[in-house]
Amino acid sequence: QVQLVESGGGLVQPGGSLRLSCAASGSIYSIVIMAWYRQAPGKQRELVASITGGGSTTYADSVKGRFTISRDNGKKTLYLQMNSLKAEDTAIYYCNRHPTIWPWGQGTQVIVSS
């Protein structure tokens, strides 16, 4: 059973930065596509960014140029560097496999507010 543990969220002012981390268990981590998702209050969960085992990345239009997804397969850890944060980035952020989903972790909350 794969377990996902997200961390690194917090309260940040508009224009600020945060780096999220996601620690994963499981033996197939290095060969699957991993992704960050987010769910804002009252909205559906959405895909933010994804990365293949080899490091190819895709991003939602809303975060292109501001967010960077990366992974360390040896540490089974996924990262999301978030720069130039906006109020609309406020959400709970989750990591998971893509498109096949494992059980969700608890997520990490990001609040962008002055």
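In strand S9 (91-97), the bridge partner of Trp 36 is Cys 95. S9 and strand S4 (34-39) pair in the antiparallel sense over six bridges. Two strands count as paired if DSSP finds at least two bridges between them.

This is a predicted model: local features need pLDDT of at least 70, side-chain atom pairs count only at pLDDT 80 or more, and totals for chains, interfaces and linings use all residues. Residues are numbered from 1 along each chain as its sequence is written, and side-chain values use heavy atoms, with hydrogens and water left out.

**The chain as a whole**

The chain has ten strands and zero helices. Both kinds of element are DSSP runs, numbered from the N terminus: helices are H or I with at least four residues, strands are E with at least two. The radius of gyration is 13 Å, close to the 13 Å that the globule rule gives for 114 residues, so the chain is as compact as a globular protein of that length. That radius is taken over C-alpha atoms, and the rule is 2.2 Å times the number of residues to the power 0.38. Along its principal axes, the C-alpha trace spans about 40 × 25 × 20 Å. Buried residues make up 40% of the 114 residues. Buried means under 20% relative accessible area, exposed over 50%, and partly exposed in between (1.4 Å probe, protein chains only).

**Strand pairs**

S4 is mostly covered, with five of its six residues buried. S4 also pairs with S5. There, Ala 35 stands opposite Ser 50. The S4 and S5 hairpin has six residues between the strands, and Gly 42 in it takes a positive phi near 75 degrees.

An open sheet of four strands has the order S1-S3-S8-S7, with antiparallel pairing. Its edge strands are S1 (4-7) and S7, each pairing on one side only. S1 has a covered face, Leu 4 and Glu 6, and an uncovered one, Val 5 and Ser 7. In a regular strand the side chains alternate between the two faces of the sheet. Ser 7 has Ser 21 in S3 as its bridge partner.

| Strand pair | Sense | Bridges |
|---|---|---|
| S4 and S5 | antiparallel | five bridges |
| S1 and S3 | antiparallel | four bridges |
| S7 and S8 | antiparallel | six bridges |

**The core**

The largest nonpolar core has 29 residues. Such a core is a set of buried Ala, Val, Leu, Ile, Met, Phe, Trp, Tyr and Cys residues joined through side-chain atoms within 4.5 Å. Those with the most contacts inside it are Trp 36, Leu 78, Leu 80, Met 82 and Tyr 93. Elements giving two or more residues to this core include S3 (18-24), S8 (77-82) and S10 (108-112). S3 gives the largest share, four residues. In soluble globular proteins, nonpolar side chains tend to be buried together.

Leaving aside neighbours within four places in sequence, Leu 80 is in contact with residues including Leu 18, Trp 36, Val 48, Phe 67 and Tyr 93. Contact means heavy atoms within 4.5 Å.

Ser 113 lies in the segment after S10. At 39% relative accessibility, Ser 113 counts as partly exposed. Not counting residues up to four places away in sequence, Ser 113 touches Leu 11, Val 12, Gln 13 and Pro 14. Ser 113 and Gly 8 are 105 residues apart in sequence and 16 Å apart in space, C-alpha to C-alpha.
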